[in-house]
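Here's one to pick apart by its labels: we take a term, look at the number behind it and see whether the label holds. Have a look at the entry first.

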Amino acid sequence: MKSAFMLGVGALLVAGQVARPDNPQSLAHIEAAKKLAGDDAWLKAPFNFYCVAGNARGNSTTAPALEPVKLFDNLYAVGNSEATVYAITTSQGIVLIDSGYADRVEAQVVDGLKKLGLDPANVKYILLGHGHGDHFGGSSYFQEHYGTKVGTTAADWDLIYPANPPANAASQAKPKRDLVLTEGEPVKLGDETVTVVAIPGHTPGSLAFIFPVKDGRRSHMAGLFGGTILTVDRITTPGVQQYVQSIAHYLEVAKKMKVDVELQNHAIFDGMPDKLAALKARKPGAPHPFIVDANRYAKFWSIISECMQAEIARR
């Protein structure tokens, strides 16, 4: 009997569509992903999500709020459990990665920061992983109330403000265009530097962010891939191909910078609940559950790449 970790795609119904049948090329990519995951329970999570038909799904707009939590000495998480906002504290203020939904920004982000002892008025920058409403929705609130500067790529500013906006666009809370983020131009605030990496695919201007985090006397490098494709049914084949190329490019940078902490703004395929539970129960001197080491981190994204290449092969 096949477990959830075993193969078997067939004619399953996926996201309302009949799954494309496998072929030798797609099965080779799935086998490569399976080999990378091995017996590592954490690495099996992205395999099961992306390579096993029927498991991938988009983030739920009705997911519960995330319990505000301190992850590292200079990193906190607030917002929604499936559209998470990260707060990086620096010597001169706070940098937010994303801003959550517009209709929940006060209850989930602002109040979440306050619950953690952080002053939302100290948020100097909001950096957007990509230009979709569950990421930029709360940004205009911070601009209006605290003078926060919001940044994304030129391509995703154009996505937020299209030349021919849909009829309902006028009612959507959108941030003013403050900063244009570009790979090669890191964002600096106080004693913190956030490296920006272009990862087009999910959107034309999706971004990843790499930045140092502190655990006591030790520093580690965190990587947040802000434009993850969760389901491929709405992405064109060129878009998925571009995404695979973006993963490869990102991994080049991540390996050079020795990223060993994995973070997601849509934390639904990386064992986030287990990591949070382990963090809550962590005793002094025990391993930090968000530190996965650089080799496992590279395998994590390589597994996702192989699963995506399997989908391309099916097409």
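Q: What makes α1 roughly antiparallel to α2?
A: The axes of α1 and α2 come within 8 Å and cross at roughly 160 degrees. Angles under 35 degrees count as roughly parallel, over 145 as roughly antiparallel, 65 to 115 as roughly perpendicular and the rest as oblique, so α1 is roughly antiparallel to α2. The axes are lines fitted to C-alpha atoms, for helices over the stretch in contact, with angles running from 0 to 180 degrees between N-to-C directions. Helices themselves are DSSP runs (H or I, at least four residues), as are strands (E, at least two), all numbered from the N terminus.

One bit of housekeeping: this is a predicted model, where local features need pLDDT of at least 70 and side-chain atom pairs count only at pLDDT 80 or more, while totals for chains, interfaces and linings use all residues. Residues are numbered from 1 along each chain as its sequence is written, and side-chain values use heavy atoms, leaving out hydrogens and water.

Q: Which residues of α1 and α2 meet?
A: From α1 come Ile30, Ala33, Lys34, Leu36 and Ala37, and from α2 come Leu43, Lys44 and Phe47; contact here means heavy atoms within 4.5 Å. By class the contact of α1 with α2 has six nonpolar, no polar and two charged residues. For that sorting, Ala, Val, Leu, Ile, Met, Phe, Trp, Tyr, Cys and Pro are nonpolar, Asp, Glu, Lys and Arg are charged, and the others, Gly among them, are polar.

Q: Why is helix α2 (residues 41-50) called mostly covered?
A: Seven of its 10 residues are buried, where buried means under 20% relative accessible area, exposed over 50% and partly exposed in between (1.4 Å probe, protein chains only). Those in α2 are Trp42, Leu43, Pro46, Phe47, Asn48, Phe49 and Tyr50. The buried residues of α2 pack against α1 (24-37), β14 (261-263), α8 (272-281) and α9 (294-314).

Q: What caps the N-terminal end of α2?
A: Asp40 does, with a side-chain oxygen 2.9 Å from the backbone nitrogen of Trp42. A polar contact is a pair of N or O atoms within 3.5 Å; within protein, one must be able to donate a hydrogen and the other to accept it, and residues adjacent in sequence count only if both atoms are side-chain atoms.

Q: How do you know that α1 is roughly antiparallel to α9?
A: They pack at an angle of about 165 degrees, with axes 7 Å apart, and that angle makes α1 roughly antiparallel to α9. The crossing of α1 past α9 is left-handed: the near helix is turned anticlockwise from the far one by less than a right angle, whereas clockwise would be right-handed. The residues of this contact divide into nine nonpolar, five polar and three charged.

Q: What makes α3 oblique to α5?
A: The axes of α3 and helix α5 (residues 139-146) come within 11 Å and cross at roughly 60 degrees, and that makes α3 oblique to α5. In this case the crossing is right-handed. Val105, Glu106, Val109, Val110 and Leu113 of α3 make the contact with Tyr141, Phe142 and Tyr146 of α5.

Q: Why does Ser99 count as buried?
A: Ser99 has 0% relative accessibility, so it counts as buried. This serine sits in the loop between β6 (93-97) and α3 (105-115). The side chain of Ser99 reaches the backbone oxygen of Phe136 at 3.4 Å, and a polar atom of that side chain lies 3.2 Å from the backbone nitrogen of Gly138.

Q: Why is Asp119 called partly exposed?
A: Its relative accessible area is 40%, so Asp119 is partly exposed. Asp119 is in the loop between α3 and β7 (123-127), and a polar atom of its side chain lies 2.9 Å from the backbone nitrogen of Ala121.

Q: What makes Lys258 exposed?
A: A relative accessible area of 62% makes Lys258 exposed. Lys258 also has a positive phi of about 60 degrees although it is not a glycine. Most residues other than glycine have a negative phi. Lys258 is found in the loop between α7 (237-256) and β14.

Q: How do you know that Asp293 is partly exposed?
A: At 36% relative accessibility, Asp293 counts as partly exposed. Asp293 lies in the loop between α8 and α9, and its phi is near 70 degrees, a positive value in a residue other than glycine.
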